Amino acid sequence: MTTFHIISIFPEMFDSYLNESVLRRGILKKKIKIKFYNPRDFVKSKHKKVDQIPYGGGPGMVMMTEPIVKAVEKAKGKKKKVKTIIFSPSGKEFTNTYAKKIQNSYKDIILIAGRYEGIDKRVKTITKAEEISIGPYVLTGGELPAMIFIDAVSRQIKGVLGNELSVEENRISSSEVYTRPETIKYKGKKYKVPKVLLSGHHKNISQWKEKGRK
Ligand code: SAM
């Protein structure tokens with residue numbers, strides 16, 4: 001089983017996505033486990049503040065080191081081999097190859113989702129985390145990146161997708177897919193399924209799929 005330890009001040013954001021479809025099945029089948037750690041729970045002050053104004057000025061607030069480091073410590077416990085990731089728009093680009101590598105190498109993965117202007121850099125240094133970007137755009141927080149990460153890594157885990165052949169990278173697949181009916185009439189025009197897919201000729205179908213791959 002792979003456990004994703006999510007550090008976020010908005011754990012409820014994950015509820016709907018994790019409680020449906022493939023990931024829900026993965027959780028029920030005990031292939032994956034999700035645990036939450038809210039940095040606010042590691043703050044003693046009455047208002048549970050986890051952000052402060054940035055040194056050097058600038059707009060927005062910065063997430064403080066201590067609450068996040070304490071949350072990471074809690075997630076780590078006594079585990080020896082743990083991967084810690086901080087989501088950042090300026091991190092290393094997340095790819096399927098990286099998802100596979102992480103899935104093969106770690107059973108415990110700590111995911112730190114930032115908010116506001118980002119996270120105090122000392123969190124990265126202290127926790128020896130790797131900064132990962134989910135793509136060349138800036139989001140309002142690290143929760144969506146964490147969900148994307150969990151989704152992409154989980155589908156690599158044996159038994160999560162149900163049928164091993166569903167993992168596209170393990171077979172010849174195509175992004176151009178069709179289902180019934182064979183012909184669709186829409187606003188006076190006919191839209192047909194490519195003939196080769198109806199031929200039953202596996203070699204030709206594979207070649208067609210291969211050609212369509214980008
Ligand atoms: N000024 C910050 C910067 O450029 O690094 C922007 C921080 S962003 C508004 C707030 C949080 O969203 C980040 O700490 C990070 O966790 C997350 N985030 C935003 N875009 C992301 C991306 N493309 N990949 C990964 N995380 C992202």
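## Basis of the model

The model is predicted, and local features require pLDDT of at least 70, side-chain atom pairs count only at pLDDT 80 or more, and totals for chains, interfaces and linings use all residues. Residues are numbered from 1 along each chain as its sequence is written, and side-chain values use heavy atoms, with hydrogens and water left out.

## Domains

The domain assignment of the protein gives domain 1 (2-164) and domain 2 (172-213); such bounds come from an automatic or database domain assignment. Taken over C-alpha atoms, the centres of domain 1 and domain 2 are separated by 39 Å.

## Helix α4 and its two faces

Helix α4 spans residues 96-105, and its buried residues are Tyr-98, Ala-99, Ile-102 and Gln-103. Seen down the axis of α4, these buried residues fall within an arc of 135 degrees, so they line one face of the helix. The arc is that of the directions from the helix axis to the C-beta atoms. Helices (H or I, at least four residues) and strands (E, at least two) are DSSP runs, numbered from the N terminus. Buried means under 20% relative accessible area, exposed over 50%, and partly exposed in between, with a 1.4 Å probe and protein chains only.

An α-helix has 3.6 residues a turn, so residues three or four places apart point the same way. On the face of α4 turned away from its buried side are the exposed residues Thr-97 and Asn-104. The cover over the buried residues of α4 includes the strands β5 (83-93), β6 (108-112) and β7 (130-133), together with helix α6 (143-154).

The largest pocket holds about 470 Å³ of space. It is lined by 26 residues, of which Phe-87, Ser-88, Pro-89, Glu-117 and Gly-118 are the closest to its centre. Strands β5 and β7 each supply at least two residues of this lining, and β5 gives the most, with 4 residues. By class, the lining of the largest pocket has 12 nonpolar, 8 polar and 6 charged residues. Ala, Val, Leu, Ile, Met, Phe, Trp, Tyr, Cys and Pro count as nonpolar, Asp, Glu, Lys and Arg as charged, and the others, Gly among them, as polar.

The second largest pocket has a volume of about 310 Å³. Among the 17 residues that line the second largest pocket, Val-177, Tyr-178, Thr-179, Val-193 and Leu-197 are the closest to its centre. This second lining comprises 8 nonpolar, 3 polar and 6 charged residues. A pocket, on a 1 Å grid over the protein atoms alone, is an open set of points where a 1.4 Å probe fits, with protein on both sides within 12 Å along at least five of seven lines; lining residues have an atom within 4 Å of a point. Grid points are joined across faces, edges and corners, and a volume is the space filled by probe spheres set on the points.

## Buried residues and their contacts

Thr-2 belongs to strand β1 (residues 2-7) and counts as buried, at 0% relative accessibility. Apart from its neighbours within four places in sequence, Thr-2 is in contact (heavy atoms within 4.5 Å) with Lys-31, Ile-32, Lys-33, Tyr-106, Lys-107, Ile-109 and Ile-157. The C-alpha atoms of Thr-2 and Asp-51, which are 49 residues apart along the chain, are separated by 31 Å.

Met-147 is found in helix α6 and is buried, with a relative accessible area of 10%. Residues up to four places away in sequence not being counted, Met-147 touches Met-13, Phe-14 and Tyr-17. Met-147 and Lys-100 are 47 residues apart along the chain, and their C-alpha atoms are separated by 16 Å.

## Backbone geometry

Most residues other than glycine have a negative phi, and most peptide bonds are trans. Ser-21 has a positive phi, near 55 degrees; Ser-21 lies in helix α2 (residues 21-28) and counts as exposed, at 51% relative accessibility. Phi of Lys-48 is likewise positive, near 55 degrees. Lys-48 is placed in the loop between β2 (32-37) and β3 (51-52) and is partly exposed, with a relative accessible area of 32%.

The peptide bond from Arg-180 to Pro-181 is cis, with omega near 0 degrees. Pro-181 lies in the loop between α6 and β8 (183-186).
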